[in-house]
Structures are given as C-alpha cells and as structure tokens.
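Here is a friendly walk through one structure, told as questions and answers. Each answer sets a value beside the rule that gives it its label.

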Amino acid sequence: MTSQQVQHSLPSQQSAQSEHSQPPRIRDLPLALLARRFSTGSVALDYGAAMVRVRSHLGAFVRDFQQVYGAFTLADDAPFADFHTEVCGGQGLRAFLRPQSRFLIDGIQPFDPFPKAQALPHFEWGVNWCFAQRFNQHVLLHAGALALADRAVIMAAPPGAGKSTLTAAMMLRGFRMLSDEFGVLCPRTGRLWPMLKPVALKNRAVDVIRDFADEAILGPLYKGTRKGDVAHLAPLAASVDARQRPARPCLLLFPSFRDGAALSIRRLPGEEAFARVAFNSFNYALVGQIAFDAVANVAEACPAFALEYSRLDEAIESLRTMLLESPAVATTA
Amino acid sequence: MVDPDRSPRSPRLRYRQLGDGAAVFDTASWQTHILTPAAAVIFEVLAESGSGEAIATSRALELLQEELELDPGTPEIQQVLRSLQEMGMLGG
C-alpha cells in the first residue's frame, strides 16, 4: 500500500475547524510548536506521490524547514508513511566538535554525515535518495514536471543545463510545479504524480531566481556544500494545494541554457526523445518492460523539443504556448 | 489504449513505433534497442519475412539488397544487423 491509496483524513483538526477550513500552513505555526512536533516524530509531510514522516531535535533544521516548507500543511494523523526519517546530530565528540547532522531512514544511516549547519540540504538529498532507491511502483524519470491545469510538460536535462532554474521560474510565472527532480510516472494510468519538494538552486541560479520574482521565497544560502552553494526555493501554495492531483503528460522538453543564446526550438524524433527520457530514468533498468511501455506511451503521445534559451521569460512564454497547443493524446486509461 | 505490439515478430520482442523510428524491448535480455527510421524499416521487413522466427543471416542480406536496395557492408547497416542479432532476429 502506498500513501496514494490512503485517504489522508485529519479528524482532530477537522473537528476543531469549520468544514471548509484548511489545516494551518507550516509557516503559520509557532516555531516552538513545530519544534515540539519534530521532536516527538509527529511531523508527516505529504509530497503528493509519497508520505514522509520526519523526526528531529535540531533547532536550526526546524527553523530552515519552516521557511522552505511554509506553504505545506502537516499531514496530521496520516495512517501511513512511505518513509520514516530522522535528522539528528552527530554522535560522541561530533556532537560538539565540528558538529554534524545525520540522516536516518528506518533507523539506518545510508550515507556520511553532513556539517550540522547543512542539515536541511542533507534532509532534502536524503529524501531524494529514499525515493530514488525505493519507490519502484512508479517509473521515476529524472526530470522536472510542471502543469497548466492538468496538462504536464516533462523537462529532462543533464546537470548544469538550467533545468532547476527554468522549473523555478515557471512556477513563479503561474505553472503548477509537480516536481523539480522526479517525473513520477504511474505505469497504470500514464499520469504524472507530484513529488513536490523545494527546488534546490545552485550557485548563480540562486540570485537569478531571487531577482526574477518578488514572490520567490528562498531559504538560507548554504555555502560550500558538496554541490556548491545551495538555496531552496519554497513551493508556492497553488502547487502545494494541488499535490494530490496528477497530470497528463502532453509535452517533452529538453532545455539547455546558454548565455546570450537566442531562443531556439527544435523538434526531436520520437525515438530520440524516448532514449533521452528512458535512459535517464532512476529505475528504468529495474522496472523493465513496465517502464518501457510507460515511457513509450509518453514518447508516442507527446511532441518532443530541444529548447535552447538565455532569457527565462521568453522561454516560459514559448513553453506555455507549446503546452497549451500540444496535440498530445492519452494512450492509456 | 494503443496496441503496443502491432506487427508480426517474435513474442520475445516488444516493438513500439515512435514517429518514423522505433524502440524495442527484449524481454529475454531486458535490453532496449533504439531504432532510427532506417533501422525501423529494416526491422519491419525482416520481422515480416521471419514471421516471428529468426531468419538466416544470408537471407537477411539478400532482403536488404533486393527489397530495400541497401548495401549491407556500410558501417550503419552493420550496426543495425548487430542489434538485430542481439535481439535474436538473425540466425545461422
């Protein structure tokens, strides 16, 4: 059973609130209350495709978390979590000397500690790791996914091509973000599930997005992480509120940023689009024929384009038109 | 729902036409083969000729020359033939 098969009821809050009210967003909770919830392990996060339970006693982690998960609500009384995680401090001397943060999944520490000050990026990478390793009931494309209503664009690109920057900018211009990192393709329905997490912006992209829109809520800048300087963009409420709403793939896009480049859009052959998507999937080789059929359905139904850009707004407006005009037809139920 | 396996070929192979090209999943090896438009045409011709069975390499070369007027000696065609061999479409 996965979290998608569970109705996330919130009886304790529902009883205290009117029928139409929502649970409070994390940004509206007193920090002390949130810290208490973390320390008792009663923080459950609904990412859309997955439910994650988190425990932590690290105050700085809780403070940073509140910034970048501000639009989320706590999934109180969630009857099921796909992953049980903990972000805790270093052991022994490392609790005091160059203190560390450790990420645990089911009580096991899958990788080396990070500096304690980088506990939030550590948690983010840890959840990504859990998801990439264990969520094999879906085909996990290594791609961003955004939607206009229920029409989704899948954006795949190698590291450094500007995918996260474009994803962030598209959300800030009104697209619904499903994911920056995981295209969660359901092989049964052919739909994309949100796996909505903060967007990890690196190096120059941090200032680009900070300057791009006043609505951008960025968490702290973590300098000198294993992936450079990193800051997380908080998902906007519109995306958060729709995280239980899958979307239909309508467009495949392979973006690349090049300084000073004029916008160029080139149609890609179906077999090339298939190869680029399938062979960059996290679990294509593991899932086999099911993944082959699911990706082939997408490559068959969706027009595919390589897009080179240097100006975000110009690229986004082209994408908006391409997505709305895509003739993609569903090939599965 | 689109029928994912629309032309006569070995049940071992799942074939999907994608535009002019295609992708093939080999259920025996779990390997995926990407076929360019030219390779997809060759695949179709040989699959139809073999009716789901492997066909002799000599017969395949004849078909390429006679039906498709292709030179089997070019590196591109040799590459296609190697892929087809891996998929079990060529024998003997």
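Angles under 35 degrees count as roughly parallel, over 145 as roughly antiparallel, 65 to 115 as roughly perpendicular and the rest as oblique. Please keep in mind that this is a predicted model.

Q: Which residues of α1(B) and α3(B) meet?
A: From α1(B) come B:A39, B:I42, B:F43 and B:L46, and they meet B:I77, B:V80 and B:L84 in α3(B). This contact of α1(B) with α3(B) has seven nonpolar residues, no polar and no charged ones.

Q: Where do these helices belong in the pattern of chain B?
A: Chain B has three helices and five strands, and along the sequence they follow the pattern β-β-β-α-β-α-α-β. Chain B has 92 residues, of which 43% count as buried. Its accessible surface comes to about 4700 Å², with 50% belonging to carbon and sulfur atoms.

Q: What makes α2(A) roughly perpendicular to α3(A)?
A: The axes of helix α2 (residues 31-39) of chain A and helix α3 (residues 59-68) of chain A come within 10 Å and cross at roughly 115°. The range for roughly perpendicular is 65 to 115, so α2(A) is given that label relative to α3(A). In this pair, A:L31, A:L34, A:A35 and A:F38 in α2(A) meet A:F61, A:V62, A:R63, A:F65 and A:Q66 in α3(A). The residues of this contact divide into seven nonpolar, one polar and one charged.

Q: How do you know whether A:N128 is buried or exposed?
A: Buried means under 20% relative accessible area. A:N128 has 16% relative accessibility, so A:N128 counts as buried. A:N128 is in helix α4 (residues 119-134) of chain A. Leaving aside neighbours within four places in sequence, A:N128 is in contact with A:E181, A:F182 and A:K197.

Q: Is A:L148 buried or exposed, and what decides the label?
A: With 12% relative accessibility, A:L148 counts as buried, since the label asks for under 20%. A:L148 is in strand β7 (residues 144-148) of chain A. Not counting residues up to four places away in sequence, A:L148 touches A:G174, A:F175, A:R320, A:L323 and A:L324.

Q: What makes the phi of A:D106 worth a remark?
A: Most residues other than glycine have a negative phi. A:D106 is not a glycine, yet its phi is positive, about 50°. A:D106 lies in the loop between β4 (100-105) and β5 (114-115) of chain A.

Q: Where in chain B is B:W30, and what is its phi?
A: B:W30 is in the loop between β2 (21-26) and β3 (31-35) of chain B. B:W30 is a residue other than glycine with a positive phi, near 65°.

Q: Why is B:W30 called partly exposed?
A: Partly exposed covers what is in between buried, under 20%, and exposed, over 50%. B:W30 has a relative accessible area of 45%, so B:W30 is partly exposed. A:D106, with a relative accessible area of 46%, is partly exposed too.

Note on methods: Residues numbered from 1 in each chain as written. Chains lettered and ligands numbered in written order. Predicted model: local features only at pLDDT ≥ 70, side-chain atom pairs only at ≥ 80, totals over all residues. Heavy atoms only, no water. Contact = heavy atoms within 4.5 Å. Helix = DSSP H or I, 4+ residues; strand = E, 2+ residues; numbered from the N terminus. Nonpolar A, V, L, I, M, F, W, Y, C, P; charged D, E, K, R; others polar. Buried < 20%, exposed > 50% of the residue type's maximum accessible area, 1.4 Å probe, protein only. Areas by Shrake-Rupley, 256 points an atom, 1.4 Å probe, with all protein chains shown as cover. Axes fitted to C-alpha atoms, helices over the stretch in contact; angles between N-to-C directions.
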